[in-house]
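This briefing concerns the structure shown below.

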Amino acid sequence: MPDMRFAPPNPLRIADRASGLNAVSVRSYNERLVLSLLLQKETTTRLEIGERTGLSAQTVSVLVRSLEQEGLVARGEAQKGRVGPPTVPIVLNPEGAFSIGISVGQDRTDIVLINFVGEVRFHATLPNPEAARGANHSEFLDTIRQAMALLPKKARERLAGVGLALPYGVANGRDDESHFRALQDEIEEHLGVSVFVQNDVTAAASGESLFGVARPLTDYMYFYLGARLHGRLVLNHQIYNGNSPVSFDVGVAALEREVARHGLSAAPLVEGSGDWLAYGPHFDAWAGRLVDQMVRSLEAVSQFVEFETVVFSSYAPPQTCREICERLEKVFPSVKALPGRVTPSPKAVGAASLPFSSRFMVE
Amino acid sequence: MRTVLCYGDSNTHGQIPGGLTLDRYSYEERWPGVLARELGKGWHVIEEGLSGRTTVRDDPIEGAAKNGRTYLRPCLMSHAPLDLIIIMLGTNDLKARFNQPASEVAMGIGCLIHDIRELAPGPGGRVPEILIVSPPPMLDDIKAWEGIFKGAQEKSRELALQFEIMADSLEVHFFDAGTVAECDPLDGFHIGREAHEKLGVALAREVEAIGWK
């Protein structure tokens with residue numbers, strides 16, 4: 001029996017890997033641990049990675065070197081503190097990976113391309129594709145193809161995948177989960193890219209938790225203001241979907257009706273731009289109903305869990321979001337309401353965050 | 001105070017390229033001296049560079065004293081406790097008399113790592129941090145040394161990869177000196193003053209990046 005210490009070396013990784021991203025299957029659990037830390041915090045150090053994961057300094061060294069060579073992480077300048085040894089920060093390389101997010105709404109489809117730190121590099125809004133009769137869901141194929149064609153060649157090699165955010169109910173009464181899965185398989189087969197499909201509001205909540213104000217938060221209530229109002233409870237970074245796709249008719253659609261009833265133009269509402277507060281009493285009446293509904297949800301949830309933060313996300317103009325947050329805090333002073341930071345299309349950016357979380361993070 | 005041992009060959013000893021055996025850079029110029037300057041007061045840097053040192057081989061010409069494995073044990077015991085051991089060896093193993101491929105030189109490095117772990121000369125009897133440094137590749141023109149190092153140039157360019165594979169397998173720190181320093185054209189396999197400076201600075205950054213409390 002040979003001394004196994006002197007068997008041929010069996011590296012943790014392939015030292016002379018070619019450029020481009022690793023295949024999904026060889027991304028080790030430990031590499032995912034390190035990337036999860038980095039995706040959750042803007043910067044870390046090898047020391048901190050070791051402390052948080054329990055891995056030895058030498059194992060962390062091998063992992064980080066591997067990620068550096070793959071171009072996913074970069075080493076920052078050493079920081080000399082007044083006390084103690086200097087620390088060397090490790091950060092994500094913004095150009096290390098890209099992702100495409102597509103959110104299919106009621107009458108338009110948003111497409112974004114984001115880099116590894118969630119910066120939107122490209123955003124387009126398209127009219128919804130026509131569903132061809134008899135076809136399964138091939139209408140998405142062209143949209144995704146268009147989005148991929150927009151990627152610079154260099155970025156195409158570093159595309160982590162495509163995230164697709166769909167509202168509930170697109171399955172026309174069929175089971176949403178199995179519908180999403182079938183769609184994913186179809187697109188992957190045709191385009192050869194990894195596709196991740198999720199409910200759009202849940203995706204928006206993921207985006208806010210990965211790249212937005214919710215990054216440092218563990219427990220909070222997430223609201224998404226779209227045509228309707230949607231809520232998600234987030235506990236220990238886990239987004240709870242709930243069993244029923246409940247949403248409330250106090251969203252932008254309600255404001256649109258209100259505005260139309262008074263003969264005013266609803267164009268700013270459709271485009272998600274302009275000054276919504278200028279609708280004056282109509283805005284006030286609507287905002288009152290919206291805040292009431294959020295308070296009811298918060299009261300219901302706070303019977304079971306304590307939380308201090310609400311994240312309020314929308315494609316509505318930032319000023320409108322801030323205003324709603326202030327009004328909510330006034331009626332429900334025990335929570336801090338934070339407007340979402342993921343713009344311009346929280347759902348599409350959220351969709352784009354799915355390939356990152358699936359390929360680079362631990363569950 | 002932390003202690004680092006720099007275990008190497010003539011390029012750790014500070015032998016001057018193209019010079020005579022006794023020609024040596026000053027402490028401040030040699031990379032361990034540069035490392036000491038860069039790391040500052042918190043570190044004690046020990047130099048252990050011997051010209052002609054191999055990883056694990058008794059040299060039939062230069063003598064058994066050049067075997068890096070047999071000397072490593074007493075050396076570690078002399079200097080323990082050690083927080084970090086930096087090993088930069090491998091060039092001498094490429095001499096024609098040993099007739100070894102780069103992968104076998106890496107096996108020798110692996111052997112030294114196992115020996116360090118067995119002895120555990122770190123603080124409190126623990127295993128210290130180990131940093132493997134692959135030497136800069138030799139230049140094609142190695143002057144009068146061509147015979148002694150016949151065929152070594154190509155193998156020397158493979159050392160970085162083979163060492164890194166070994167470092168990854170055994171989970172130790174690794175640095176490729178070839179990324180910051182080149183051999184001096186005066187003899188083609190020793191590093192000059194400027195390369196010592198660059199290497200010392202780069203290794204200081206590597207040492208800091210390990211993270212120390």
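In chain B, 53% of the 213 residues count as buried, a residue being buried if 20 or more other C-beta atoms, placed from the backbone, lie within 10 Å of its own, exposed if 12 or fewer, and partly exposed in between. The model is predicted: local features need pLDDT of at least 70, side-chain atom pairs count only at pLDDT 80 or more, and totals for chains, interfaces and linings use all residues. Residues are numbered from 1 along each chain as its sequence is written, while chains are lettered from A and ligands numbered from 1 in the order in which they are written.

**Chain B overall**
- Chain B holds six helices and five strands, taken as DSSP runs numbered from the N terminus (helices H or I, at least four residues; strands E, at least two).
- Their order from the N terminus is β-α-α-β-α-β-α-β-α-β-α.
- Along the principal axes, the C-alpha atoms of chain B fill a box of roughly 45 × 30 × 30 Å.

**Helix pair in chain B**
- Helices α3 (residues 68–79) and α4 (residues 102–119) of chain B pack at about 25 degrees with axes 10 Å apart; axes are lines fitted to C-alpha atoms over the stretch in contact, and angles run from 0 to 180 degrees between N-to-C directions.
- α3(B) is therefore roughly parallel to α4(B), a label for angles under 35 degrees.

**Contact between chains A and B**
- On chain B, 22 residues are in contact with 25 residues of chain A, contact meaning C-beta atoms, placed from the backbone, within 7 Å.
- Each of α4, β4 (129–134), α5 (152–170), β5 (173–176) and α6 (193–210) of chain B supplies at least two residues to the side touching chain A.
- α5(B) gives the most to that side, with six residues.

**Residue L166(A)**
- L166(A) lies in strand β7 (residues 159–166) of chain A.
- L166(A) counts as buried because it has 24 C-beta neighbours inside 10 Å.
- Beyond its neighbours within four places in sequence, L166(A) is in contact with V104(A), F180(A), V197(A), N199(A) and D200(A).

Technical notes: Parallel < 35°, antiparallel > 145°, perpendicular 65-115°, else oblique. Contact = placed C-beta atoms within 7 Å.
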